[in-house]
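Subject: Structure for you to look at

Hello,

Here is the structure we talked about handing over. My notes on it follow below the view.

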Number of protein chains: 2
Amino acid sequence: MSLDKILLGHGSGGILSQKLIDEVFVPAFSNSKLSPLNDQAVFELPKGKIAFSTDSFVVNPLFFPGGNIGDLAVNGTVNDVSMCGAVPKFLSCGFILEVGFEIEKLKTIVNSMTEAAQKAEIQIVTGDTKVVEQRGKEPQIFINTSGIGVLPEGIEISAEKAQEDDVIILSGSIAEHGITILSQREGFGFEIPFSSDTAPLNKIVAKLVSAIPEIHVMRDATRGGVASVLNEIAESSNVGIKIEEEKIPVKEAVQGACEMLGLEPVYVANEGCFVMILPAKHSEKALEILKNDSVSKDAVIFGKVVSEHKRMVLLRTFLGSERILQRLQGEQLPRIC
Amino acid sequence: MSLDKILLGHGSGGILSQKLIDEVFVPAFSNSKLSPLNDQAVFELPKGKIAFSTDSFVVNPLFFPGGNIGDLAVNGTVNDVSMCGAVPKFLSCGFILEVGFEIEKLKTIVNSMTEAAQKAEIQIVTGDTKVVEQRGKEPQIFINTSGIGVLPEGIEISAEKAQEDDVIILSGSIAEHGITILSQREGFGFEIPFSSDTAPLNKIVAKLVSAIPEIHVMRDATRGGVASVLNEIAESSNVGIKIEEEKIPVKEAVQGACEMLGLEPVYVANEGCFVMILPAKHSEKALEILKNDSVSKDAVIFGKVVSEHKRMVLLRTFLGSERILQRLQGEQLPRIC
């Protein structure tokens, strides 16, 4: 019986499950809410509205320049909770492990989750582990995180709140996460001078929301990239959106990789970058706050909300022509998060 | 392009993802909190303590007598949230689908989740779908559910609260879920005159908690069965536990199947059955409440908390001898939930 790899028994609810909890999860996630080891965490929340979000992470490869599936899983849900203006507080994590997965690798991932949780100042309070048979070449791990956040009073940030003449801000340069993942794939492998942008966005969001409660929309531009997020907003808010290609920050090496691969950066996934829509009169203040934080120092105004071409996104290209930017059609990059 | 099966593009965040959300998830889960289709649900909770729990479901086969992975995923988390005495309110669901999974099958599963949610009177408010490559013979689905419940004031039910002289109650007959799943497995396939006990326990728990706020411990006896749950409680509470084999309700056909397979019913998983520990003076009242509800009509007192053999569970057998009932060692039945 190999003790350095996951066995079916680690998911049994018996002695091996307990051993895994005691040796891997408790030392990493240890906090007063997790330690009673009940099947649920109990805690108090301040009065008010709650934001609740869930995300499963299946990224391949598990480790990549800039992070791994562990910090990605924490940052991803922290960001989803944050995007309505809420302050993320508590996370759950559900692991699905295949038999044969190396326990050392699991420890590395779990430690990255702990570090990411500390950085974002949230607590991982409850968890679950299931074990399934190995079916492919390499044993896999999937991680679900669900998060609870507290919404400050009076904040109503939502995809259907974009209004005519609103300004659209991008918090940083795009496409780094998706291209990083692709660069690590078997059959693609190429050197990159950048890395995934995976980062928690809750702190910059908290600064923005407290200074500018009038923000209308925030969305992190993950799967489907900036183009898909803008399309969703245009539809939800029943408005037109116009953006300018030359304003969109794309690192030269990222642009080069995109061209080589035939990908448009606006469709490539990000994990630490968001779109914000707000009344024009607040845009300079927002930019100032964004540029003052390292996670969003490259923030720019790159578009506006218009009354024409409702439910559509128009891109003004480098050449001055305009074209409709559709939502991502099929699958550009599988398993980027 | 086959339109009746899951494609990688269904996990892309683009048009196919939207189609899946619009055609499968929204019609089933539609409620005011889910419909804005933001990446998070926002809602108000009453003041007080919150219970938060997560569980991933990987059961094989997906469909079995008494239920499927969908209602199992809802009931499982409803029950985990309930076991501290909380009233479950909101659920998230995260789907991991393999390419090729039939969309009709997904609809059946999602509809079962809706029905289970209605039965338990909880709302599914936020979700996520990821698609991964098919790797085994049959395309798989994994479902994570996370749940939020509200704890009534003054209730403190927890695995470390068992006290000497407490009475131990079992809410119903055991081992039906695990044996049902096993009966459906390739290579095992046998006829059974019973089915999985998967059921929401929140309503009976609410009745118990409101009548008897002094309950010390409740635990649903899922993976690892009654024996593992009792061992966890004995350790957490630093007490001894003594149970009587002849009091444990096991249906004759279940007992027969267990004997045929060489399994002890106390180690087999349940999905609608729980252990409750409370001061002796409240036990008759508890039994009366339990027997009045169809989900727990076979409830019995089957043991007590003792000061001897701390952190151990002793079983008094049919023959009158006593033996230590250890926690489940390896894996009895893989993927039963």
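To start with the cysteines: does Cys84(A) count as buried or exposed? Cys84(A) counts as buried, at 2% relative accessibility. Please keep in mind throughout that this is a predicted model.

The structure holds zero disulfides over all chains. For Cys84(A), the closest cysteine sulfur belongs to Cys93(B) and lies 18 Å away, too far for a bond, given that a disulfide needs the two sulfur atoms within 2.5 Å. Cys273(A) is buried, with a relative accessibility of 2%.

On the two chains: chain A superposes on chain B by a rotation of 180 degrees with 0.0 Å of shift along its axis, at an RMSD of 0.0 Å. The two copies are therefore related as by a two-fold rotation axis. Both copies use the same surface, since 100% of the contact residues of chain A recur in chain B.

Next, a helix pair in chain A. Helix H2 (residues 69-82) packs against helix H3 (residues 103-120) at an angle of about 35 degrees, and their axes are 7 Å apart. The crossing of H2(A) and H3(A) is right-handed. From H2(A), the contact takes in Ile69(A), Gly70(A), Asp71(A), Val74(A), Asn75(A) and Val78(A). H3(A) contributes Ile109(A), Ser112(A), Met113(A), Ala116(A), Ala117(A) and Ala120(A). Sorted by class, this contact has eight nonpolar, three polar and one charged residues.

Two further residues of H2(A) may be worth a look in the viewer.

Thr77(A) sits in helix H2 of chain A and is buried, with a relative accessible area of 0%. Neighbours within four places in sequence aside, Thr77(A) is in contact with Ser53(A), Asp55(A), Phe57(A), Leu91(A), Thr145(A), Ser146(A) and Gly147(A).

Ala73(A) is in helix H2 of chain A as well, and counts as buried at 0% relative accessibility. With neighbours within four places in sequence again left out, the contacts of Ala73(A) are Phe57(A), Ile143(A) and Thr145(A).

Regards

Methods: Residues are numbered from 1 along each chain as its sequence is written. Chains are lettered from A and ligands numbered from 1 in the order in which they are written. This is a predicted model: local features need pLDDT of at least 70, side-chain atom pairs count only at pLDDT 80 or more; totals for chains, interfaces and linings use all residues. Side-chain values use heavy atoms; hydrogens and water are left out. Copies are superposed by least squares on the C-alpha atoms of residues with pLDDT of at least 70 in both. Contact means heavy atoms within 4.5 Å. Buried means under 20% relative accessible area, exposed over 50%, partly exposed in between (1.4 Å probe, protein chains only). Axes are lines fitted to C-alpha atoms, for helices over the stretch in contact, and angles run from 0 to 180 degrees between N-to-C directions. Helices (H or I, at least four residues) and strands (E, at least two) are DSSP runs, numbered from the N terminus. A crossing is left-handed if the near helix is turned anticlockwise from the far one by less than a right angle, and right-handed if clockwise. Ala, Val, Leu, Ile, Met, Phe, Trp, Tyr, Cys and Pro count as nonpolar, Asp, Glu, Lys and Arg as charged, and the others, Gly among them, as polar.
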